[in-house]
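I opened my notebook to record what I looked up, one entry at a time.

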Amino acid sequence: MAVKIKVEKLTKIFGRNPKGVLKKLQKGISKEEILEKTGHAVGINDVSFEVNEGEIFVIMGLSGSGKSTLIRCLNLLNKPTSGQIFFEGKDIVKFNKQELRTFRQNNIAMVFQHFGLFSHKTVVENAAYGLEVKGIAKEERLKISNDILETVGLGGWGEKMPHELSGGMQQRVGLARALANDPDILLMDEPFSALDPLIRRDMQLELLDIQAKVKKTIIFITHDVNEAFKLGDRVAVMKDGQVEQIGTPEEILAEPANEYIEEFIQDIDRSKVVQAKHVMFKPSPLLFNKDGLKVAIKEMKSNGISSIFVVNKERILQGIITIDDTIKAIHENRKLEDIIKQDYFKTDPDTYIQDLIPMATDTKYPIAVVDKNEKLLGITVRASVLAGLVS
């Protein structure tokens, strides 16, 4: 996977003489001692990471961890004291004013916690503002913006004024405004934290749906561990201006790097993080629809199971049969296709455990995990689903 942005040894110190204080920091003097003795604040210290094209990379941390300072360095709203930020092989820290302006207009966009909409402009005019700044003709920018409003679920709302929209809808306008410029990188600084919990949850799902369509490289800031693990393909956990651990949500849950990470994740709701793909296992044994009933009995007997999934040669799921129905069918001289059942649950690999639990509770059979083409990827059973809550 191609790297979209690369950060190397980035440090940001606030104060009158950051370069002088940097030498003290590099000698190992703590940020607390630096603040006490020099009045300078260390925002971030020696941070390095890469963000892959098309992923949602979440930077998570408590207040004061440096996460917002860091994201503002990525578009140089905060000029780093030291370090490098590479985009397409170029260090943006070294950009001159014109190069930086071009970068901000064409390659990177930011969505803030507070919507920042113009109260005197319509929804579509707000969404088109970045295009207006770029000098795009009115007819073209309104067409682009109306298309983006459709993408974010605001089709038909273009002529409304911001005060006519709910908080969640206003945040979608902010997102549309950022997307209208078609940036390579989308920065999102706690964009949902001002919303009430129900709207916030809806916006998280909406963002995942939008990302499935637009496939942007997104760097998302949050203090909420559940939000981070729900949205992030990978997560960077920050503390005191430094990155403590980077990994997928499952990697961080399985192998926390230190005691701080363990404490940070101890209250996480695993049912909203662990997905079907994490608790499924290889769908073996399987029965192919070309096989006969005696083969089915042999497979179930030798594997100690009372039901088995049936697939075709492309492993497209056809259904399930049980040992009782198979034995009865042999006595009645019936065929495999006569006894295939469809009364089982199936799900996609990204389904969260919280949604699997009702299925696992109600079903007599394993849950089939399939892709969009109905190809059987794996199966999971009640014990695996429940174990996923604690393991």
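Entry 1, the model. I noted that this is a predicted model, in which local features need pLDDT of at least 70 and side-chain atom pairs count only at pLDDT 80 or more, while totals for chains, interfaces and linings use all residues. Residues are numbered from 1 along each chain as its sequence is written, and side-chain values use heavy atoms, with hydrogens and water left out.

I found Gln204 in helix α9, residues 197–214 (helices are DSSP runs of H or I with at least four residues, strands are runs of E with at least two, and they are numbered from the N terminus). Gln204 is buried, with a relative accessible area of 8% (buried means under 20%, exposed over 50%, partly exposed in between, using a 1.4 Å probe and protein chains only). Setting aside neighbours within four places in sequence, I listed Phe192, Glu227, Lys230 and Leu231 as its contacts, where contact means heavy atoms within 4.5 Å.

Strands pair if DSSP finds at least two bridges between them. Two bridges join β11 to β12 in parallel, and Phe288 has Val311 as its bridge partner. Five bridges join β12 to β13, which run antiparallel, and Ser307 is partnered with Thr322. I also noted that β12 and β13 form a hairpin with five residues between them, and that Arg315 in the turn has a positive phi of about 65 degrees.
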